[in-house]
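Q: Hi! Could you walk me through this one while I have it open?

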Amino acid sequence: MRINPIIVQKYGGACLETPAKIRAVASSLADLHSRGHRVVAIVSAMGKTTDELVKIAYQVSPHPNRRELDMLLTTGERISMSLMSMALSDLGVPAISFTGSQAGVMTDDSHSSARILDVRPIRVREELDRGRIVVLAGFQGVNPVTKEITTLGRGGSDTTAVAMAAVLKAECCEIIKEVDGVCSADPRIVANSKPLRQLDFVSLSEMCFWGAKVLHYRSVELAQSQNVPLVIKKWGSAEHSTQVMKEVVGMESGRVLAVNSMARIEHVEIDSADLNQGFEKFAQHLKQNGLSWPQLLASAFTAGKTRIMMTCDSESLDTLLRTLESSKDLRKQRETLSSVSLTCFGGVSSDLPFKAIQILQRHGIIADKYVLSPHSVNLFVPVDSREAAVKALHSLI
Ligand SMILES: Nc1ncnc2c1ncn2[C@@H]1O[C@H](COP(=O)(O)OP(=O)(O)O)[C@@H](O)[C@H]1O
Ligand SMILES: N[C@@H](CC(=O)OP(=O)(O)O)C(=O)O
């Protein structure tokens, strides 16, 4: 007997913003199911629900307990999953929803930035075998030791989808968006940004690490390491999609593929004897204050100070900066910056940083410094120049 292929589809908050949108997604899932696929749908919270929950938490407590914050934020996805399952039942399609822990998503114990250690989708497999569509809450899991509920970090539902597709050996993992796949820049900033129809894993993961909000960057790394066929698709449009490939034809062209940016980068300075002690003090400070690790971008040690450059969601950065006020050895250093990154195919050409600096200068923007990664030039600019810098550098594409 031929076993029907499994398709994992992930729907982001934008596609689930209203009850009408949820019903529309349900009918598209029903259609997929009727064509003989076994379907797993990963859902995010409706619209901006997670932002609203975060806001409420900070109105109640200026420094919310991280365990309780995770308990709160996971409710957003629970709402979506149960509504989606109801909508499917109304269409006459058998469906069942599961939370991350019911679906067997096992994580480490790091609240608000947990990493997936294992997936044991026992109930998911049973229900697929019964012919049901399985609807899963993205962005969450459970730590098998502490038994606590965790979240994977903002945008983490993409990573749930890829992890589930990997263990279920799905035929495809489709990330469904309201945008036209992955574009050469955020279409909200650059109206004429170009959709990228094919992208290699390395370039995409670099773009997402440096701020492209289109995918959780850990999901790209996981898809690459687990060999998951990954497609980013525009909702309701068969042809508008980005296919992520192991290799895209071409050698070391250095062609600029995309410009992305990070809105807010902060610097912390730590009194220390060397880099190692600087990091130890930073790690201890995070632990003592119940804070999760931010995304670290660079660090340096000179003259008794370790300086760390980092980013994270704005609420977490605000909380971290507040805790520095009562610290003896750690302090906020210099003004907040934004980043602008050029991601290139097949490596960065040596003259690109200087070309980029000149273009910015012609637009009256002074780049403070830049760092290179194998596939990106990442420049740091004043926060109020961020959008103008993205638009100016998009001329290189
Ligand atoms: N390079 C990029 N390509 C496409 N979208 C991007 C890029 N950088 C940032 N974005 C943003 O990512 C979001 C992705 O799609 P959307 O369906 O709105 O979100 P979600 O699925 O997270 O709810 C959009 O808001 C878009 O503005
Ligand atoms: N709801 C969570 C997780 C997520 O993945 O959301 P989205 O897929 O809408 O970016 C967040 O807003 O962070």
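**Binding site and ligand shell**

Q: Great, so where does Thr-50 sit?
A: Thr-50 lies in helix H2, which covers residues 49-60. Keep in mind that this is a predicted model.

Q: And is Thr-50 buried or exposed?
A: Thr-50 is buried, because 24 C-beta neighbours fall inside 10 Å and the cut-off for buried is 20 or more.

Q: Which residues does Thr-50 contact, skipping those within four places in sequence?
A: Those contacts are Ala-45, Leu-73 and Gly-76.

Q: Where does UniProt put the feature "binding site"?
A: The unreviewed UniProt entry places that feature at Thr-50 and Glu-77.

Q: OK, over to Glu-77. Which helix is that in?
A: Glu-77 belongs to helix H3, residues 66-90.

Q: Buried or exposed, that Glu-77?
A: Glu-77 counts as buried, because it has 30 C-beta neighbours inside 10 Å.

Q: What does Glu-77 touch, leaving out residues up to four places away in sequence?
A: Glu-77 touches Val-43, Ser-44 and Ala-45, and also Ala-137, Gly-138, Phe-139 and Gln-140. Ala-45 is on the contact list of Thr-50 as well.

Q: Changing topic: which residues come nearest to ligand 1?
A: Of the 17 residues around ligand 1, the nearest are Gly-12, Ala-14, Lys-177, Cys-183 and Asp-186.

Q: And how does the shell around ligand 1 divide into nonpolar, polar and charged?
A: The shell has nine nonpolar, three polar and five charged residues.

Key. Residues numbered from 1 in each chain as written. Chains lettered and ligands numbered in written order. Predicted model: local features only at pLDDT ≥ 70, side-chain atom pairs only at ≥ 80, totals over all residues. UniProt positions renumbered as here; feature names shortened; annotations may be inferred. Helix = DSSP H or I, 4+ residues; strand = E, 2+ residues; numbered from the N terminus. Buried ≥ 20, exposed ≤ 12 C-beta atoms within 10 Å, placed from the backbone. Contact = placed C-beta atoms within 7 Å. Near = placed C-beta within 6 Å. Nonpolar A, V, L, I, M, F, W, Y, C, P; charged D, E, K, R; others polar.
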